[in-house]
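Please read the following report alongside the sequence and the coordinates, which are displayed just below.

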Amino acid sequence: MQEQTEFPRPIDLRAIPRQPVEIAADEAERAALARRFDIVSIDLLRASAQFEERGSGVEVSGRIEAELVQSCAISGEDFPVRIASDYRLRFLPEADYEAALADAGEEIELTSEDLDTIAYTGSTIDLGEAIAQTLALEIDPYAEGPNADAARAEHGLSTPEASGPFAALQALKKG
């Protein structure tokens, strides 16, 4: 039995949609996802999906759009973030996924053409969970809000440029 997700949108692969599918999270789903991702709120989450059979799997491509509020990693102030991103995913039956991992060996080198691959069992995939995971990858956990520089100055924190790897080189150059 599959675990219940915050944004369930099951798609039966025995009847793959031929037309693009549009999904959107409701208020309760967005609140649950915001808790899961430890951000202030998700005010909008919607995605489009186009399905295409490929071998034993299914490729899904589309666009994800989100409006969220997260806390600045420096000042702690909340600020709005807009995400708009294209995505491509591959869903493979679990046995095929396991076989592909075994064939790849210990090291896997990915190229820009490689797709995120998700294993599934049975005949149903959860498009909503795949979109939620895609959103999670788009959220910057160290996002800085518009007042980050002022907060750094107020608390005597250096900027990333002043304390990064090239800062030591700059100090040597001046000396």
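The sections below describe a predicted model, beginning with the sheet and moving on to the helices and a single residue.

## The sheet and its order

Five strands make up an open sheet, arranged in the order E2-E3-E4-E5-E6, and the pairing within it is mixed. Strand E2 (21-24) and E6 are the edge strands, each of them pairing on one side only. From one strand to the next, the twist averages 30°.

## Strand pairing around E5

Strand E4 (residues 57-71) runs antiparallel to strand E5 (residues 78-93), and the two are paired over 14 bridges. Within this pairing, Ile-64 has Ser-85 of E5 as its bridge partner. The hairpin of E4 and E5 has six residues between the strands, and in this hairpin Gly-76 adopts a positive phi near 80°.

With strand E6 (residues 116-120), by contrast, E5 pairs in the parallel sense, over five bridges. Arg-90 finds its bridge partner in Thr-117 of E6, while Leu-92 is bridged to Ala-119 of E6.

## Helices against the sheet

## The contact of H1 with H3

Helix H1 (residues 27-37) and helix H3 (residues 127-138) pack against one another at an angle of about 45°, and their axes are 11 Å apart. The crossing in which H1 passes H3 is right-handed.

On the side of H1, the contact is made by Leu-33, Arg-36 and Phe-37, and on the side of H3 by Glu-129, Ala-132, Gln-133, Leu-135 and Ala-136.

## The surroundings of Ser-41

Ser-41 belongs to strand E3 (residues 41-54). The side chain of Ser-41 is joined to that of Asp-43 by a polar contact of 3.3 Å.

Which residues does Ser-41 contact once its neighbours within four places in sequence are left aside? They are Ala-34, Leu-68 and Val-69, of which Ala-34 falls within the residue range of H1, whereas Leu-68 and Val-69 fall within that of E4. Gln-70 is 29 residues away from Ser-41 along the chain, and the C-alpha atoms of these two residues are separated by 6.9 Å.

How values were computed. Residues numbered from 1 in each chain as written. Predicted model: local features only at pLDDT ≥ 70, side-chain atom pairs only at ≥ 80, totals over all residues. Heavy atoms only, no water. Axes fitted to C-alpha atoms, helices over the stretch in contact; angles between N-to-C directions. Helix = DSSP H or I, 4+ residues; strand = E, 2+ residues; numbered from the N terminus. Left-handed = near helix turned anticlockwise from the far one by under 90°. Contact = heavy atoms within 4.5 Å. Polar contact = N/O pair within 3.5 Å; in protein donor to acceptor, adjacent residues only side chain to side chain. Pairing = 2+ DSSP bridges.
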